[in-house]
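Here is a briefing on one predicted model. Please read it with the sequence and the structure at hand.

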Amino acid sequence: MTTTDKTPQSTHEHGPRMRLAKLAPEFYKAMVGLDAAARKDLDPALVDLIKIRASQINHCAFCVNMHTRDAREAGETEERLHLLSAWEEAAGFFTEKERAALALTEAVTVLTDGFVPDAVYERAAAHFEEAELAQVIAAIIAINAWNRIGVSTRMVPGRA
């Protein structure tokens with residue numbers, strides 16, 4: 001960039017800041033347990049969609065990379081992975097249940113105006129039994145916590 005160029009340089013070229021798992025092992029172990037508890041009894045394919053969508057919103061490249069790779073290995077199609085960021089416009093590719101979960105994922109992740117809209121919650125509640133809905137919410141909360149770890153410690157995609 002020249003001194004007269006007004007285009008800002010990318011501030012996202014970086015290496016990891018720290019290895020949280022090594023420096024805070026008890027916390028990290030608790031997060032792994034939280035994640036396992038949050039996924040309990042949920043369809044793994046649905047959990048993958050939740051993890052990827054929240055990670056896209058939170059700009060966590062580490063988690064987007066890891067969870068899309070995991071989803072592919074579990075049989076998720078490239079087409080659905082490519083359309084996930086535009087799921088609302090790709091109705092024929094996602095079930096109504098998945099779409100309700102994705103809407104809830106976005107609402108919980110962003111917390112527009114500080115709350116989850118009743119319509120979004122009610123849409124999800126129409127597709128999930130109460131206990132399953134609780135697990136969906138837990139999965140959304142868990143991936144948001146992981147995203148914050150990944151972004152704040154600058155975890156690098158493709159590295160453990």
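Helix α3 is mostly covered, with ten of its 14 residues buried, where buried means under 20% relative accessible area with a 1.4 Å probe and protein chains only. Helices are DSSP runs of H or I with at least four residues, and strands are runs of E with at least two, numbered from the N terminus. The model is predicted, and local features need pLDDT of at least 70, side-chain atom pairs count only at pLDDT 80 or more, while totals for chains, interfaces and linings use all residues. Residues are numbered from 1 along each chain as its sequence is written, and side-chain values use heavy atoms, with hydrogens and water left out.

**Helix α3**
- The buried residues of α3 include Asp-48, Lys-51 and Arg-53, which are charged by type, and among them are also Leu-46, Val-47 and Ile-50.
- These buried residues of α3 pack against α2, α4, α5 (78-83), α6 (96-110) and α8, contact meaning heavy atoms within 4.5 Å.

**Largest pocket**
- The largest pocket has a volume of about 590 Å³, the space filled by probe spheres set on grid points joined across faces, edges and corners.
- A pocket is an open set of points on a 1 Å grid over the protein atoms alone, where a 1.4 Å probe fits, with protein on both sides within 12 Å along at least five of seven lines, and lining residues have an atom within 4 Å of a point.
- Of the 30 lining residues, Tyr-28, Phe-62, Met-66, Trp-146 and Met-155 are the closest to the centre of the largest pocket.
- α4 gives the most to this lining, with seven residues.

Terms used: Buried means under 20% relative accessible area, exposed over 50%, partly exposed in between (1.4 Å probe, protein chains only).
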